[in-house]
Structure formats: C-alpha cells, structure tokens
Amino acid sequence: MKLPGHPFVAYRGEQLCIDDCTATELAARFGTPLYVYSRASMLAALAPYQRALTGREHLLCYAMKANSSLAVLQTFARAGCGFDIVSGGELERVLAAGGDPARVVFSGLGKTRAEMRRALEAGVHCFNVESESELGVLSEVAAAAGRRAPVSLRVNPDVDAGTHPYISTGLKANKFGIAHDRALAAYRHAARLPGLEVIGIDCHIGSQITETSPYIDALDRLLDLVEAIEAEASLRIRHLDLGGGLGIQYTDEAPPPADVLIGELLARIDARGHGHRALVFEPGRSLVGNAGVLVSEVLYLKPGEEKNFCVVDAAMNDLMRPAMYQATMAIVPCTLRDGAPVVYDVVGPVCESGDWLGRDRGLVVQAGDHVAVLSAGAYGMSMASNYNTRPRAAEVMVDGAHATLIREREVPAALFAGESLLPDD
Ligand SMILES: *Cc1c(COP(=O)(O)O)cnc(C)c1O
C-alpha cells in the first residue's frame with residue numbers, strides 16, 4: 001500500500017517501509033527518535049527540475065536550510081547541484097560536504113562582514129543582497145579584499161504566495177528583499193559602488209506554495225524591472241533567480257509538479273523575450289520533504305475525559321513545524337494492527353502545551369509500538385533544538401535495503417561540554 005505523495009514510503013504487509021528498509025527494524029537498530037531519509041526519493045524529486053531545465057544555462061541551488069546534514073548535501077552535490085546558503089555556518093557545511101562554492105548563492109538579510117569576507121574568499125557565485133545598506137557594506141568588504149563581489153538584488157515583488165503568514169516572504173510587510181518601487185534606484189546605486197559587479201536579479205516569495213499563479217505574477221514583476229534596469233542603467237542582468245518555495249503534499253495539498261511549474265515559467269520568460277538569460281532556482285522543501293520520516297516510539301497511552309493522548313518519544317525539539325506553524329503532518333503506525341482506531345493527540349515529552357506533533361489522529365497503537373511522522377525530511381532536523389536538554393535525534397540514509405547512520409544520536413554530556421561552572425568563592 002503506497003502513501004500519497006510518498007513514492008518511497010509504503011506498507012509491505014503490516015510493516016511500514018522506507019525504500020526496502022522496515023521502519024521498526026531501523027528503530028530497533030538505531031534507536032528513536034530517528035530520522036530516516038531515502039536517497040532515491042531525493043534524487044527523484046530533483047529529476048523533474050533538471051529535466052525541465054535541460055538545454056538552458058541554469059543553476060539549481062538546493063536551499064540547504066531545509067535539511068543541512070552533510071550526507072544530504074553530498075547527495076545533491078554529487079547530482080550536480082549548487083546550494084542556496086543563508087549563513088557562514090552553512091557555507092562551512094557546503095565545503096565539508098564537498099560542494100562547489102562556485103555554485104553557491106548567498107541569501108539572507110543579515111550577512112555580517114565576517115561572513116561576506118569568508119564567502120568572497122571561498123568564491124561564491126553570487127550574493128543575493130537584501131537592502132541598500134547591505135550593498136554598501138558588501139562593496140566596502142570586497143574592495144578592502146581587492147575584489148568585486150558578484151551581486152543580485154532580492155526584489156520583493158509584493159505578491160501574495162497564498163501560504164502561512166510565517167512562511168510568506170514576498171509581501172510589502174515582510175522583512176525580506178528590496179521593495180519593488182525602490183529596486184531601480186538600488187540597482188543604480190549598486191552600479192556606482194566600486195566593490196560590486198551586478199550579475200542578476202532574484203526573488204523568493206514564500207514557502208509551501210501550491211499554485212503556479214503567484215510565481216507567474218512575481219516573474220512578470222521581475223521582468224518589468226529587468227527591462228527598466230537595462231533600458232537606463234549600464235547594467236546587464238545575466239541571470240534570473242526565481243527562488244524556491246514549491247510546496248509538497250503533506251496531507252491533501254496538490255502542488256504542481258516541478259517540471260510543470262518550470263515549464264510554465266520558461267514559456268513566460270520566452271514569450272517576453274528573456275529566453276537568453278541564465279536561470280537560477282533555489283528549491284528546498286520540494287527536494288527533501290517527502291524523502292524523510294521521523295520514527296518515534298509510543299511511550300504511553302493516556303486516556304482522558306476530553307482528550308486521549310498518545311505520548312511519543314519525539315517532541316517539538318525534534319520536529320518544530322507543528323508547534324511553530326500549526327503544520328499538519330501525517331502520522332502513521334509503523335506496524336498495522338487490527339482494531340478500532342482511537343482518536344489521540346500525539347504529543348512529546350517536552351514541558352510545553354505547544355508540544356504536539358498531531359491533533360485528533362485516529363490510530364490503532366499500543367505502548368511500545370512505533371509511529372512515523374511523514375514528510376519530515378524538510379525543516380525537521382535542521383530546526384531541531386536541545387530544549388529540555390534533549391539530545392538531538394540520529395539520522396539514517398537508506399538506499400534500497402542498505403541503511404547508513406549519517407548522524408549519531410547526541411549524548412547529554414555533549415550538550416553541556418562547552419559550559420563552565422563558576423570558580424570557587
Ligand atoms: C527558504 C528559502 C528557499 C527555499 O524555500 P523552500 O520553500 O524550502 O523551497 C529558497 N530561497 C530562499 C532565499 C530562502 O530563504
């Protein structure tokens with residue numbers, strides 16, 4: 001039995017499998033909570049992007065904040081991807097995973113001078129600049145290093161991506177990007193700064209977007225600007241970077257397939273006479289989201305008058321999306337049992353009422369069973385914390401019947417290894 005949206009997760013008999021590995025066996029071998037990823041699923045999610053862009057000058061930059069574990073980065077680096085980074089720490093991860101810095105775009109609205117210096121030294125492809133003040137600082141840092149920093153300006157096209165307010169980024173009220181009506185002036189300013197070389201334009205309008213129309217609207221706004229910039233400034237916009245944000249199926253969403261979305265964007269770009277420009281995309285969630293599950297043990301069943309609770313050993317520190325965005329993620333048993341489902345709130349051990357993984361879920365489970373949260377490959381482990389001094393989960397990458405531990409489970413002593421007691425009085 002296949003699970004919708006999850007081509008590499010399925011029941012075989014009573015057992016939930018990821019590729020050819022059984023979830024309960026992985027739990028017994030590696031312990032829980034446990035993130036399990038399918039390498040084949042990641043590559044299958046990348047393929048339609050690559051297919052749609054064949055024959056065009058392009059750069060696919062995996063937005064690594066979705067899942068920045070080294071083996072995940074390595075998987076995408078080997079498949080030819082670059083990376084969209086948002087911090088100096090992420091750049092170090094790219095380098096540690098064998099990624100090519102010349103295929104990196106550096107996004108983010110609060111880059112420090114130290115991060116800029118390091119990225120220049122590493123030779124990133126482009127800085128996606130988010131404010132006029134940042135332009136000035138980057139020019140200074142680059143000039144002091146005897147270089148010119150390649151830049152693209154992130155423009156806020158003021159379109160509504162129709163997604164959750166916390167993951168919508170392209171509206172006027174958002175902190176991201178340069179306002180559309182300031183963008184031309186910002187490009188003129190950039191053209192005058194000695195430490196900069198303008199190479200592109202970019203936007204990123206939000207995340208978990210399930211329609212094509214906001215992308216087309218944003219693209220039109222961007223192309224209007226490109227035409228205005230090239231008409232008057234002595235600038236050439238070599239690449240269009242349309243960001244990331246394509247949604248995935250968590251429960252019953254139906255986002256367009258990546259090749260359909262890109263096909264429509266390319267048709268629009270060509271129709272408006274911009275087909276000669278290089279293209280950059282920055283997909284995150286859509287490459288890894290449905291490639292991962294979070295396996296957790298049922299610790300206790302706690303019946304109550306108003307609610308039944310299913311207490312599991314994974315919590316908000318392991319998977320923040322439900323607590324942070326009220327996100328609904330499918331939760332399924334790792335072993336199917338006969339019986340009538342009982343409706344539970346699936347909650348973790350953390351001392352917060354916001355610590356729930358799913359609400360009102362019908363499940364047939366007993367203490368000691370395992371459950372899996374689906375679609376947990378994106379914004380799961382990368383947002384994990386140590387709240388309540390909970391060591392972070394282990395991670396496993398499966399490939400067919402083969403499972404590789406790609407991150408050890410943390411041990412408590414490691415969590416306070418860098419701390420000190422005060423000297424004696
Ligand atoms: C987060 C982010 C992305 C990726 O978003 P997804 O929704 O995961 O595809 C791309 N570009 C920028 C600038 C981002 O901040």
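How far is a nitrogen atom of the ligand from an N or O atom in the side chain of His204? The separation is 3.5 Å, in a model that is predicted, where local features need pLDDT of at least 70, side-chain atom pairs count only at pLDDT 80 or more, and totals for chains, interfaces and linings use all residues. Residues are numbered from 1 along each chain as its sequence is written, and side-chain values use heavy atoms, with hydrogens and water left out.

**The ligand**

- Around the ligand there are 14 residues, of which Lys65, Ser207, Glu282, Arg285 and Tyr379 come nearest; a residue is counted here if one of its heavy atoms lies within 4 Å of the ligand.
- An oxygen atom of the ligand is 2.3 Å from an N or O atom in the side chain of Ser207, while for Arg285 a polar backbone atom is 2.7 Å from an oxygen atom of the ligand.

**The two domains**

- The chain is assigned domain 1 (2-38 + 289-415) and domain 2 (107-283), with bounds that come from an automatic or database domain assignment.
- The centres of these domains, taken over C-alpha atoms, are 35 Å apart, and 13 residues from domain 1 and seven residues from domain 2 take part in the contact, which means heavy atoms within 4.5 Å.
- The size of an interface is often given as the accessible area lost when the parts come together.
- Between domain 1 and domain 2 about 860 Å² is buried, with 56% of it on carbon and sulfur atoms; this area is found with a 1.4 Å probe and summed over both parts.
- On the side of domain 1 that touches domain 2, helix H11 (residues 321-325) gives the most, with three residues; helices are DSSP runs (H or I, at least four residues), numbered from the N terminus.

**Charged side chains**

- Side chains of opposite charge can pair when their charged atoms come close.
- The whole structure holds 24 salt bridges, each being a side-chain nitrogen of Lys or Arg within 4 Å of a carboxyl oxygen of Asp or Glu, yet the count between domain 1 and domain 2 is zero.

Note on methods
Buried area = accessible area lost by both parts, 1.4 Å probe. Helix = DSSP H or I, 4+ residues; strand = E, 2+ residues; numbered from the N terminus. Polar contact = N/O pair within 3.5 Å; in protein donor to acceptor, adjacent residues only side chain to side chain.
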